[in-house]
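Subject: Handing over the two-chain model

Dear colleague,

I am passing this structure on to you, and you will find it just below.

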Amino acid sequence: MATATLNQITTAADHRAATAVIRVQDVHKYYELGETKVHALRGINLEIEPGEFVAVMGSSGSGKSTFMNLLGCLDKPSSGRYFLEGTDVSQLDKKTLAGVRNRKLGFVFQGFNLLARTTATENVELPSLYAQLPKEERRERARKALEMVGLADRMEHFPAQLSGGQQQRVAIARALVNRPSILLADEPTGNLDSRTSVEIMQIFQDLNGQGLTLVLVTHEQDIAQFAKRIVVFRDGRIRRDEVVKNRPRAADVLFELPAQDD
Amino acid sequence: MEFTATLKIALRALSRNKMRSILTMLGIVIGVGAVIATVGVGQGAQQKVQEQIAAMGTNLIYVSSGSVNRGGTRLGIGATKSLVYDDMTAIVREVPLIASAAPGASATSQVVFQNQNWSTRINGTEPQFFTIRDWSFAAGSSFTEDDVTHAANLAVIGDTVRQNLFQSANPLGQTIRIGNLPFQVVGVLSAKGQSGMGADQDDGVYIPITTLQKKITGQNWLQNIVASAVSQPASYAAQGQITSLLRDRHRIRAGQDDDFQVRNLADVAQLADQQSQVMTMLLASIAGVSLIVGGIGIMNIMLVSVTERTREIGIRVAIGATEQDVQWQFLSESVVLSLLGGAAGILVGAGASLIITKLLGWAILISPTAIVAAVVFSMAVGVFFGYYPARKAARLDPIEALRFE
């Protein structure tokens, strides 16, 4: 496994490989845009252990979105390998990848991406529908997931009847409904005000406290602070990878924030 | 994904754009409606033709004196004198598939009643002729076999003749003049209208064959023999048997042309039937074209829908929908569209053919085959024209789709 070109970090990581949720080895990604070849990722090595809460940061063009798409199995690396729970998913066919996205990954997006004119419960049920779970089980799981994000009283509401923060919580419930190994959040607070952003981070911290592994893409330093570890991308490479010291608890921050007028 | 869930999603997606869905369906409604209506009307016409043929007589075989070759000149039908009364009795006696037969000879003559006169065909025959042809009497009855034996001056007149000679007066018992001879009217035939070929079937006078031969034409040969087979399928075999019997009786050697003609009205019926079938098919296929146009409408709307819902597709793929799931979702939408359109089209088509057949006074015929075909066809249209948009949706790159505004 370890070759001469692999650096110290990956060699040290090898004995933990069996337990890592995510293990990315020397991943490159190129795009052909007409004549020009865009080198979006230039050799990424990263491991994420169960129960970690990682914030991925970087300016636009740093490769962090491309990296998230790879982690989310929405895209395949041009070279290198990606192990999800020990399985090399970089070479799986489309149908199997759809199953991986469905069962092992949960997605939360910046724009919430709920289906309009579809109730909160039905939105949350959707992944379990594709997992072909029986109807009663789907209902039950959707109910529990919505309770977990504090929306027990909004189950039959349509997205248009919910605030941005509530919509994002529905999206989180949807991401959790199939009990994934990891939750991927792409700028989840990008469309929210600062108080609601912290509320969302509180939910993430709670979920992480219950053992869920989280990867969060953000460009806001104060949001990234709520994670346990920050990975900074720049020009397709990892520039910094550090543990967050003096991590604030979102609940405390929320307590200190001035209450909203409405 | 399970079938009911897919169907529910499809119905919900369609109900979001009700007006658009209805307009799209309209193409299929018109297409299916047109097919059902044309097939219905066509079959009504077909039945009408069959009724007319049935009016010509059931299981009818028509023997006419035929062409003869005289030194290289072939004369037409009726040119020979070889068909005689004994041929008819021989046919009845020796061809078991023949139930009954009647002789026929005719002359054209002026018929006079008081100050009215009318030129018509004078047909000599026997009483069973009316049974064979299945002609009914509006008044009176036929002359009898006894009357034939005695060459009585009795006449049965067709409705056209009655109109021209008697107008509204009662013709029964009245004396008309055919040529110079007085005839008593004993029967009036019911009006039959035009034959399938357009000839007036009511323009004729029927008298005993003996009277015609002895008193009017002075000829002892027949122009035709009308026979009925025991059943319609038997008429083909009977036709062959009559041919060989008559060849025998007329001493025609192998290789020589017949001096008579045997026609089976089943052939004529079949021909007419085929013609109306071809007509129906032609109309239905023109109507079918509109179904294809309707299908293109569905394809168009589905393509618009796929573009509009690119983001939705991206979300679904991101949370675990397979290509197949997405494809089924869009395909089921187009099939639901076309099937709903097909169902409405059946109602519209049935209604239209009901009205048309009523206006034309035909029997109402809504063919179950056409309905089944319409359902199957509209479903096929849904699948065919929905496949490409659905494929397009399934093939979308989820990353691009999620970025789509």
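**Chain B as a whole**

Within chain B, of the contacts with a separation of 6 or more, 82% are between residues 24 or more positions apart, a contact meaning that the C-beta atoms of two residues, placed from the backbone, lie within 7 Å. Please keep in mind that this is a predicted model, in which local features need pLDDT of at least 70 and side-chain atom pairs count only at pLDDT 80 or more, while totals for chains, interfaces and linings use all residues. Residues are numbered from 1 along each chain as its sequence is written, and chains are lettered from A and ligands numbered from 1 in the order in which they are written.

Chain B has 13 helices and 12 strands, which are DSSP runs numbered from the N terminus (helices H or I, at least four residues; strands E, at least two). Of its 405 residues, 43% are buried, a residue being buried if 20 or more other C-beta atoms lie within 10 Å of its own, exposed if 12 or fewer, and partly exposed in between, with C-beta atoms placed from the backbone.

**One residue and one strand pair**

B:Val186 belongs to strand 9 (residues 181-189) of chain B, and it counts as buried because 23 C-beta neighbours lie inside 10 Å. Not counting residues up to four places away in sequence, B:Val186 touches B:Gly140, B:Ser141, B:Phe143, B:Leu154, B:Ala155 and B:Val156.

Elsewhere in chain B, strand 1 (residues 60-65) and strand 12 pair in the antiparallel sense over five bridges, where pairing requires that DSSP finds at least two bridges between two strands. In this pair B:Val63 stands opposite B:Val262 of strand 12. Strand 12 (residues 260-264) of chain B has a covered face, made up of B:Phe260, B:Val262 and B:Asn264, and an uncovered one with B:Gln261 and B:Arg263. In a regular strand the side chains alternate between the two faces of the sheet.

**A sheet in chain A**

In chain A, six strands form an open sheet of mixed pairing, in the order 6-7-8-3-9-10. Its edge strands, each pairing on one side only, are strand 6 (105-108) and strand 10 (237-243) of chain A. Strand 6 of chain A pairs with strand 7 (residues 182-186) of chain A in the parallel sense over four bridges, and A:Val108 has A:Ala185 in strand 7 as its bridge partner.

**Where the chains meet**

The contact takes 21 residues from chain A and 16 residues from chain B.
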